[in-house]
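Work through the following exercises with the sequence and the 3D structure at hand. Each one sets a task and then gives a solution in steps.

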Amino acid sequence: MKKPMELMIALDFSKAELAEEWMDRLGDLPVVFKVGYQLFLATGPDWVAQQTARGRRIFLDLKLYDIPNTVEKGVERACDLGVEFLTLHLSSGRDALEKSQKQVEKSGSSLCLLGVTVLTSFSEQAWKDLGTALGTDEISIQGSVTGLLNLARDTGVPGIVCSGWDLRDARKVNPDFFTVVPGIRPEGSSHQDQKRVLTPKEAQEAGARAIVMGRPIFEAPDPRKLVEEILAHARQ
Ligand code: C5P
């Protein structure tokens, strides 16, 4: 049977109390809470470990990017926190990715590493501008995403974070990738700084295994109702 699409709620706050308030409000629903570095720097690893000890499902979105040894050691520490998902940039390169995945396996943790391809806030022009700054004009989002997906497959990284628009390419590279899609906006809501967006329904139809949503939930007139509606569709 097809697994339901997971909903990951981005707790992009600077205060533990706010994050806890939202986890109390929504934590009885089958959702994952995403802790990014804004909240992580305000709360710390002990706080994260307390949440997982209480049974909260946590996605630690630290988007690690450094030399291989440093990334590997970061992954080792994250394995101790009981989190379910951890992000690292696929552009960290082959060595960092291989070492990180081996570290997860060595620690016996059930953590799922998620490789970030190209951030969903990049437009084609902004990506080209970055390419020019890096010394190449021959760059496209699709080309970069495909190259990074190949790297994830070759290094054994089991999950990826990508735009909903890149899901088809991701499936072609590895149909078993755990695909996580941010840049999700319900019909009619503001895109804010996200560029390559999909609605939750579109993401599900495109085969996303999980979607990430933050601001549209917190800004909704009835956040719980919105979450319940998304979960109901995700389970159809
Ligand atoms: O509020 P919003 O729904 O835009 O939040 C999206 C979340 O997903 C943010 O926490 C952002 O850091 C994260 N994210 C993203 N694009 C990626 C990877 C992660 O927007 N490629």
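This is a predicted model: local features need pLDDT of at least 70, side-chain atom pairs count only at pLDDT 80 or more; totals for chains, interfaces and linings use all residues.

Residues are numbered from 1 along each chain as its sequence is written, and side-chain values use heavy atoms, with hydrogens and water left out.

**Exercise 1.** Describe how the axes of helix H4 and helix H5 are arranged, and list the residues that make the contact.

*Solution.* Begin with the elements: helices are DSSP runs of H or I with at least four residues, strands are runs of E with at least two, and both are numbered from the N terminus. The axes, which are lines fitted to C-alpha atoms over the stretch in contact, with angles from 0 to 180 degrees between N-to-C directions, come within 8 Å for H4 (residues 68-79) and H5 (residues 94-107) and cross at roughly 25°. H4 is therefore roughly parallel to H5, a term for angles under 35 degrees. Next, take the contact, meaning heavy atoms within 4.5 Å: H4 contributes Pro-68, Val-71, Glu-72, Val-75, Glu-76 and Cys-79, and H5 contributes Asp-95, Ala-96, Lys-99, Ser-100, Gln-103, Val-104 and Ser-107.

**Exercise 2.** Locate the salt bridge between Arg-57 and Glu-6, and decide whether each partner is buried or exposed.

*Solution.* A salt bridge is a side-chain nitrogen of Lys or Arg within 4 Å of a carboxyl oxygen of Asp or Glu, and the structure holds 15 of them. In this one, the closest N and O atoms of Arg-57 and Glu-6 are 2.9 Å apart. Arg-57 sits in the loop between helix H3 (45-53) and strand S3 (58-64), whereas Glu-6 belongs to strand S1 (residues 6-10), so that the pair links distant parts of the chain, 51 residues apart. For accessibility (buried under 20% relative accessible area, exposed over 50%, partly exposed in between, with a 1.4 Å probe and protein chains only), Arg-57 is partly exposed at 25%, while Glu-6 counts as buried at 19%.

**Exercise 3.** Which parts of the chain does the salt bridge of Asp-28 with Arg-224 tie together?

*Solution.* The closest N and O atoms of Asp-28 and Arg-224 are 2.8 Å apart. Because Asp-28 lies in the loop between helix H1 (16-26) and strand S2 (32-36) and Arg-224 in helix H11 (residues 223-234), the pair ties together parts that are 196 residues apart in sequence. Asp-28 is exposed at 56%, and Arg-224 is partly exposed at 29%.

Definitions and conventions
Angles under 35 degrees count as roughly parallel, over 145 as roughly antiparallel, 65 to 115 as roughly perpendicular and the rest as oblique.
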